[in-house]
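Subject: Structure for your review: pockets and helix packing

Dear colleague,

Please find below the structure that I am handing over to you. My notes on its pockets and on the packing of its helices follow.

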Amino acid sequence: MALIDCAPMEGLTVYSFRRNHSSLYNGVDRYFTPFLTANQNLHFQKKEIREILPENNEGICLIPQVMTNKADQMLWAMEEIASYGYREINLNLGCPYPTVVTRHKGAGFLEDGWVMDAFFDAVFEGLERINANRPTDPLKLSVKTRIGIRDPEEMDGILEIYNRYPICELIIHPRLQKQMYQGTPYMDVFARAAAAAKMPVSYNGDIRTAEDARKLLEQFPDLHAIMIGRGLMSDPALGERICGQEVPAAGSLEDLERLREYMERQYFGYKEYVMRDKEVISHIKELWFHVGRRFPEKEREVSKICRAKTREDYVQAVARFFG
């Protein structure tokens with residue numbers, strides 16, 4: 001059975017989210033942090049350090065994710081993160097947002113093939129030196145990628161670069177950067193890449209139900225993992241459903257009681273994370289936007305939650321949803 005991963009989602013899957021999700025729902029094997037930014041200052045922000053503090057991630061398997069396009073910054077970030085006890089770091093080459101892409105980071109780095117090749121060459125050369133001093137506990141690098149910028153045929157050249165290096169896992173989101181999160185994934189491109197890759201391959205993209213996962217695994221039985229983002233935000237029990245665990249029916253009293261506790265914990269978790277009520281409301285409303293998709297019969301109640309501007313408005317709207 002492939003591993004079930006919780007995808008990194010900026011502003012949502014922060015340490016408090018991971019802690020609260022894993023305390024109430026099973027089925028997720030690994031969580032990935034929203035990307036930590038390695039920059040020329042060689043310094044993580046305090047909020048980024050909080051993401052990887054072991055005491056904030058007790059009892060879960062966490063893979064820190066880094067965004068950069070500079071080899072020296074990547075090597076610094078890997079050693080810094082390793083000092084907190086982590087042994088695998090994930091490189092973000094999948095973020096499609098223009099503010100990232102225009103700086104040739106995330107999916108934007110895929111456009112610079114020769115630069116990306118030189119980056120990996122320097123990173124793995126440096127990693128070899130680092131690991132020479134830790135032969136029984138080596139640092140590993142995995143990659144999360146899109147299949148290209150504008151043309152799905154770009155993936156052939158991108159994969160050729162990846163295959164030159166000892167990447168421990170390749171997580172492929174088979175969309176182009178220009179698609180953002182819309183349109184149909186290029187499953188034919190994913191199939192070709194999965195067959196040609198020299199490292200374990202995982203899938204990310206549009207897994208919304210246990211049936212989606214079942215069909216994917218029937219087609220690709222050798223997948224290392226399935227990474228789920230929006231589907232898991234909508235249905236926090238999705239990992240349990242995929243694993244075949246007995247789960248309360250959607251909308252049942254038991255399902256709603258667990259969801260009520262989950263969303264209450266997430267509210268106070270975001271409050272610990274950002275403190276100010278206005279920001280807390282913004283974070284929790286984004287999570288409710290996804291959760292609400294599972295309850296089309298409660299569209300009106302969810303809409304009121306998502307329009308709430310104060311804590312009082314939010315509490316009243318949530319009470320109506322569960323009332």
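The largest pocket has a volume of about 710 Å³. Please bear in mind throughout that this is a predicted model. A total of 33 residues line this pocket, and P8, M9, E10, Y97 and Y181 are the closest to its centre. Helix α12 supplies the largest share, which is 3 residues. By class, the lining comprises 14 nonpolar, 10 polar and 9 charged residues.

The second largest pocket has a volume of about 230 Å³. Its lining consists of R260, M263, E264, Y267 and F268, together with R311, Y314, V315, V318, A319 and F322. Two helices, α11 and α14 (311-322), are the elements that give two or more residues to this lining. The largest share, 6 residues, comes from α14. In class terms, 8 of the lining residues are nonpolar and 3 are charged, while no polar residue is present.

Packing of α12 with α14

The axes of α12 and α14 lie 10 Å apart, at an angle of about 25 degrees. Angles under 35 degrees count as roughly parallel, and α12 and α14 are therefore roughly parallel to each other. The crossing of α12 past α14 is left-handed. On the α12 side, the contact is made by D277, I281, I284 and W288, and on the α14 side by R311, Y314, V318, F321 and F322. This contact of α12 with α14 has 7 nonpolar and 2 charged residues, and no polar ones.

Packing of α11 with α12

The axes of α11 and α12 cross at roughly 145 degrees and come within 9 Å. Their crossing is right-handed. From α11, the residues in contact are L259, Y262, M263, Q266, Y267, Y270, K271, Y273 and V274; from α12, they are D277, E279, V280, I281, H283, I284, L287, W288 and V291. The class division of this contact between α11 and α12 is 13 nonpolar, 2 polar and 3 charged residues.

Packing of α1 with α11

Helix α1 (residues 15-24) and helix α11 (residues 253-274) have axes that come within 8 Å and cross at roughly 155 degrees. An angle over 145 degrees counts as roughly antiparallel, and α1 and α11 are therefore roughly antiparallel to each other. The crossing of α1 past α11 is right-handed. In α1, the residues Y15, S16, F17, R19, N20, H21, S23 and L24 meet R258, E261, Y262, R265, Q266, G269, Y270, E272 and Y273 in α11. The contact of α1 with α11 contains 6 nonpolar, 6 polar and 5 charged residues.

Yours sincerely

Definitions and conventions
Residues are numbered from 1 along each chain as its sequence is written. This is a predicted model: local features need pLDDT of at least 70, side-chain atom pairs count only at pLDDT 80 or more; totals for chains, interfaces and linings use all residues. Side-chain values use heavy atoms; hydrogens and water are left out. Axes are lines fitted to C-alpha atoms, for helices over the stretch in contact, and angles run from 0 to 180 degrees between N-to-C directions. Helices (H or I, at least four residues) and strands (E, at least two) are DSSP runs, numbered from the N terminus. Angles under 35 degrees count as roughly parallel, over 145 as roughly antiparallel, 65 to 115 as roughly perpendicular and the rest as oblique. A crossing is left-handed if the near helix is turned anticlockwise from the far one by less than a right angle, and right-handed if clockwise. Contact means heavy atoms within 4.5 Å. Ala, Val, Leu, Ile, Met, Phe, Trp, Tyr, Cys and Pro count as nonpolar, Asp, Glu, Lys and Arg as charged, and the others, Gly among them, as polar. On a 1 Å grid over the protein atoms alone, a cavity is a set of points where a 1.4 Å probe fits but cannot get out, and a pocket is an open set with protein on both sides within 12 Å along at least five of seven lines; lining residues have an atom within 4 Å of a point. Grid points are joined across faces, edges and corners, and a volume is the space filled by probe spheres set on the points.
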